[in-house]
Amino acid sequence: MSDRSSGTTPRDYVESFVKDKDLENYLSKNQPQYDPNKATTTIEEQTPSEKTTHDNTTTSSKPSTFNFHERSKNPFANEEQQKSPMGQEIPQKQNVMYVVRDFLDQKKEIHEIAVDNCADLHSELLTCFKDGSWWDKAKMCEHQKQRFWNCYNKQKSFLKDANYRGPDNTPEQDSKIYRDSILLSKENNKEENTSASSKE
């Protein structure tokens, strides 16, 4: 550290330290020197006894249960799946992906068919919002809204219960379920019309 009372700075201190030390002598004594006449042994030139002693010391220093090159394993997979090569996907994972995709596709199809089967009520609801009387708009087209959502929920529950577009269904089964859903929507419309005429 610098002595402020003497007026020396850290730079002055370092320069004086470097001048005091004889770096050339220090480096000549401590720097490793290459001797071309001295023979150096390479790994290939080692004798077998040296290799075995070297191998014995390395194996004894490592724990016997640890393997550096062992592949990582899925802790939840069974033994057959763990033995399968890493390039192949686990069949169970594929099945889960297919089930999820089938479920999402089925859900989308059920929604689209339910909206299609209640399309006339949906059109009435949109027309009410656009061109309805001020009284209907004040009530937020509640009557038309209730009719549409009743139809939609009935269609959706019917299609779910019938397992429309299920993974095991044949096209003939799906078309029969579709026809039945159309008949159900027609029956619902008749019931709605008769109840509306009776109220009037």
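Q: What makes Arg165 and Glu109 a salt bridge?
A: In this predicted model, the side chains of Arg165 and Glu109 meet at 3.7 Å, N to O. The cut-off is 4 Å, from a side-chain nitrogen of Lys or Arg to a carboxyl oxygen of Asp or Glu. The value of 3.7 Å is within 4 Å, so the pair counts as a salt bridge.

Q: Why is this pair said to tie parts of the chain together?
A: Arg165 lies in the loop between helix 8 and helix 9, while Glu109 lies in helix 5. These parts are 56 residues apart in sequence, so the pair ties them together.

Q: Why are Arg165 and Glu109 called partly exposed?
A: Buried means under 20% relative accessible area, and exposed means over 50%. Arg165 has 41%. Glu109 has 27%. Both values fall in between, so both residues are partly exposed.

Q: What makes Arg147 and Glu124 a salt bridge?
A: Their side chains meet at 3.3 Å, N to O. That is within the 4 Å limit, so the pair counts. Arg147 lies in helix 8 and Glu124 in helix 6 (residues 119-131), so this bridge ties together parts that are 23 residues apart in sequence.

Q: How do you know whether Arg147 is buried or exposed?
A: Its relative accessibility is 14%. Buried means under 20%, so Arg147 counts as buried.

Q: How do you know how far apart Lys176 and Asp180 sit along helix 9?
A: Count residues: Lys176 and Asp180 are 4 residues apart in helix 9, so about one helical turn separates them. Their side chains also meet in a salt bridge, at 3.3 Å from N to O. Lys176 is partly exposed at 48%, and Asp180 is partly exposed at 29%. The count for the model comes to 3 salt bridges.

Q: What makes Phe148 and Trp149 an aromatic pair, and which kind is it?
A: The count comes to 4 aromatic pairs. In this one, the ring centres are 5.1 Å apart, and the planes stand at 65 degrees. Centres must lie within 6.5 Å, and planes over 60 degrees apart count as edge-to-face.

Q: Why is Phe148 put in one class of accessibility and Trp149 in another?
A: Phe148 has a relative accessible area of 5%, under the 20% limit, so Phe148 is buried. Trp149 has 40%, between 20% and 50%, so Trp149 is partly exposed. Across the 200 residues of the protein, 14% count as buried.

Q: What makes the lining of the largest cavity?
A: The lining residues are Leu121, Arg147, Asn150, Cys151, Lys154, Asn188, Asn189 and Glu192. Helix 8 (142-161) and helix 9 (171-199) each give two or more residues to this lining. Helix 8 gives the most, with 4 residues. The cavity holds about 30 Å³ of space.

Q: What makes the nonpolar surface patch?
A: Val100, Phe103 and Leu104 make this patch of about 300 Å². Leu104 lies in helix 5 (residues 91-117).

Q: How many helices and strands does the protein have?
A: There are 9 helices and 0 strands. From the N terminus on, the elements run α-α-α-α-α-α-α-α-α.

Methods:
Residues numbered from 1 in each chain as written. Predicted model: local features only at pLDDT ≥ 70, side-chain atom pairs only at ≥ 80, totals over all residues. Heavy atoms only, no water. Patch = residues over 30% accessible without salt bridge, like charges linked within 9 Å, V, L, I, M, F, W, Y side chains within 5 Å. Areas by Shrake-Rupley, 256 points an atom, 1.4 Å probe, with all protein chains shown as cover. Phe/Tyr/Trp six-rings, centres within 6.5 Å; stacked < 30°, edge-to-face > 60°. Buried < 20%, exposed > 50% of the residue type's maximum accessible area, 1.4 Å probe, protein only. 1 Å grid on protein atoms, 1.4 Å probe; cavity = no way out; pocket = protein on both sides within 12 Å on 5 of 7 lines; lining within 4 Å. Points joined across faces, edges and corners; volume = space filled by probe spheres on them.
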